[in-house]
Amino acid sequence: MTVENNESRLAVTYETIRRREYELITRLLELLPKIDTIGEDKVAQVRDALFHADHPFLMVFVGPFSSGKSSLINALVSDDDLLAVGPVPTTDRISILRWGEDIQRMDSGGAVETVFCPAPMLEKVSFVDTPGLESVFQQHEALTRGFLHRSDVVMLVMLATQAMTQRNLEYIQHLRQYGKKVIILINQADLLSEEEAETVRNYVLEQSQDLLKFRPEVWLVSAKLGLAARRAEPFDEALWLESGLFQVEDYIDDQLGDVDRMRQKLQTPLLISQNVHGVALEAVKANQAVLDKYQSISDNVEQQLAAYKREQDKIVRELNEEIALKFTEATRRSGAAIRDVFQLSRVLDLLGRGIFDLTGLSRLFRRSDRQSYARLAFARYKAFEPINQLPNVADKLGPRLEGKDLQDIDDLVRYAQTEIRALPPLIRSKVIGDIQPPVKYDRTALQNVRPELETIEGEAREVEVETLDQKFRNVWFSLAIWELLVLFVIIVILVGGLLDFGEPISFGVLIFLLLLGITGLLAMPIVGRTLETGHTNRLLRLQSRYIDVMTRAADKQIDYGMRLRRDVVAPLTRLVEAQTQIQTEQLTRLQEIDQEMVSIESELSRMSKKKTLGMRG
């Protein structure tokens, strides 16, 4: 019951880890094709690992042709003729030996043949026979190398008379890169004396330790003796022991117990994934290192764009200051004209105009007095001249912004083209779009505000003059009424004999009335100052409106210019930003996969510990 429970728990553990590996490998397969420099061969390895757990435990035999790989496998499965043998390469295919009720051969595609055989040993493990690594057919070696990543354990077969040649050393080193467990089988040991066999074994161990810094398991075997032991009736146990093949049998029976076989089976796809994951991680880091160098491109472009924006804003500020100066000058001149109209020396003239308006006599002279008094006063001081100059000032903004835009765009085009040429070919090939200046330039943002500006200019001239002219008339009309009213009171008093000049009080009343009349006249400069202040405030409001319209139009034009700048370098900046984001995401996903790999590896280690504890119990 305990054994059944242990097997059940082991099966659950195996399935849980297998499912986690499946999900992990699936995630890795989704990511790998997106990583630059990762070849299809690496993707194929991981794709193969995805289904590896569904296949039997694979023991792969590799080595030079005629080293006896096929003969050794035939001896292990008790069938002399199962795999063809010969002094020259007999096949250019990989043969997978799996358990089956009857001997059957099946073409598995891709130069792979599956051979089913009822040998008991194949119930625990599948053997893989590969073409010779030194075969005269060059495709043999390529087939073998392409299949090695699927192996769970590798048996490197070499002849006793050719042990540890330089080529064999290279094979061991290459196999070690796969992270596989490598066992060296020295075949034809029956040709050596006991002393020679020990010498060869020690030589292989020493060479491995000295040159490769690794001490493999080395087994001396004889395919010839193994086959002879299998043919004997009954089976020749002593000859089998002498063949050394019992070591392979014991390794399968003892070392690859249920836990070990399951763990090793799960370890194999994990090792494949870890190997490719390491390559992918290095590729992403290398790509990221390249992009780090070009990350400054986006930063540099943004800094340049910010500098361009500051320069454009400065142009607008300077032009607005020039507009403000025109309004200030217009205000100064018009203020002087208003003060001139209301100075004391012109008081009687103002009074006369007021009397003419009051009595209606002004209509008689209107035909000859074609221009208003305010307009004539403004004309004397050329108060409209700064306002008339505003269109010329405003019209300078467009060419300035356009000239700066086109110059900056040309500079950016040259910069971006230089940076793209400096990119590595692989990254440069990802650029979408051309770096070139725009074919046309849109000026409508500034052109469309001309009518609104003209309206404000007209208000500063015509409307303001009409406003002041009306105020002027109101002032001198009021002055005339005031003075006439004072005069009328004086006349009424005098005619009515109401005043007695002999009395101080009567004389005082007269003097008071005269002072009222004089006060009205003397108040004209003050009234002029009041009118000037109102006029100044109105011009300031017009100035603010004018500058606001110009600024809004300029902002639109500047935004348009900045869009042109961004558009012209967009193929470069998009590339750098997109690739940086891609590399960051890829690195994050690889790190997550790495954490899952570490976790699965810990689970596999616990499987071994549970087995050890179970054996102790």
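Let me start with a term: a salt bridge here is a side-chain nitrogen of Lys or Arg within 4 Å of a carboxyl oxygen of Asp or Glu. Glutamate 462 counts as partly exposed, at 36% relative accessibility. One thing to keep in mind as we go: this is a predicted model.

Let me step back to the whole chain for a moment. There are 617 residues, and 46% of them count as buried. The chain has 20 helices and eight strands. If you take contacts between residues at least 6 apart in sequence, 80% join residues at least 24 apart. The accessible surface comes to about 31700 Å², and carbon and sulfur atoms account for 54% of that.

Back to charges, then. How many salt bridges does the structure hold? The count is 31. One of them brings together the side chains of aspartate 36 and lysine 430, at 3.2 Å from N to O. This pair links distant parts of the chain, 394 residues apart: aspartate 36 is in the loop between α1 (2-31) and α2 (40-50), while lysine 430 is in the loop between α16 (425-428) and α17 (444-447). Are these two partners buried or partly exposed? Aspartate 36 counts as buried, because its relative accessibility is 14% and the cut-off for buried is under 20%. Lysine 430, at 29%, counts as partly exposed.

Another pair to look at is lysine 396 with glutamate 322, where the closest N and O atoms of the salt bridge are 2.7 Å apart. Lysine 396 lies in the loop between α14 and α15, and glutamate 322 lies in helix α10, so here the pair ties together parts 74 residues apart in sequence. Both ends are partly exposed: lysine 396 has a relative accessible area of 30%, and glutamate 322 has 24%.

Let's go inside now. In soluble globular proteins, nonpolar side chains tend to be buried together. In this model, the largest nonpolar core has 52 residues, and the members that touch the most others are Ile323, Leu397, Tyr546 and Met550. Which helices supply at least two residues each to this core? They are α10 (258-341), α14 (385-395), α15 (397-422), α18 and α20. Helix α20 gives the largest share, with 17 residues. To see one member up close, find isoleucine 323: leaving aside neighbours within four places in sequence, isoleucine 323 is in contact with Leu390, Val393, Tyr546, Ile547 and Met550. There is also a second, separate core of 35 residues, with Phe57, Phe61, Val77 and Leu245 among them.

Helix α20 spans residues 524-616, and glutamine 557 is found there. Glutamine 557 is buried, with a relative accessible area of 3%. So what does the side chain of glutamine 557 reach? The answer is the backbone oxygen of aspartate 442, at 2.9 Å. Not counting residues up to four places away in sequence, glutamine 557 touches Leu401, Asp405, Tyr441, Asp442, Arg443, Ala445 and Leu446.

Helix α20 also holds glutamine 543. This residue is buried as well, at a relative accessible area of 15%. Setting aside neighbours within four places in sequence, glutamine 543 is in contact with Ala324, Phe327 and Thr328.

Last stop, the outside. A nonpolar patch on the surface is formed by Leu358, Phe477, Ile481, Leu484, Leu487, Ile491, Leu494 and Val495, which together have about 660 Å² of accessible area. Which helix gives the most to this patch? That is helix α18, residues 450-495, with seven residues. Leucine 484 is found in helix α18, and leucine 484 is partly exposed, with a relative accessible area of 32%.

Technical notes: Residues are numbered from 1 along each chain as its sequence is written. This is a predicted model: local features need pLDDT of at least 70, side-chain atom pairs count only at pLDDT 80 or more; totals for chains, interfaces and linings use all residues. Side-chain values use heavy atoms; hydrogens and water are left out. Helices (H or I, at least four residues) and strands (E, at least two) are DSSP runs, numbered from the N terminus. Buried means under 20% relative accessible area, exposed over 50%, partly exposed in between (1.4 Å probe, protein chains only). A polar contact is a pair of N or O atoms within 3.5 Å; within protein, one must be able to donate a hydrogen and the other to accept it, and residues adjacent in sequence count only if both atoms are side-chain atoms. Contact means heavy atoms within 4.5 Å. Patches are made of residues with over 30% relative accessible area and no salt bridge: like charges are joined within 9 Å, nonpolar side chains (Val, Leu, Ile, Met, Phe, Trp, Tyr) within 5 Å. Accessible areas come from the Shrake-Rupley method with a 1.4 Å probe; for residues, only the protein chains shown count as cover. A nonpolar core is a set of buried Ala, Val, Leu, Ile, Met, Phe, Trp, Tyr and Cys residues joined through side-chain atoms within 4.5 Å.
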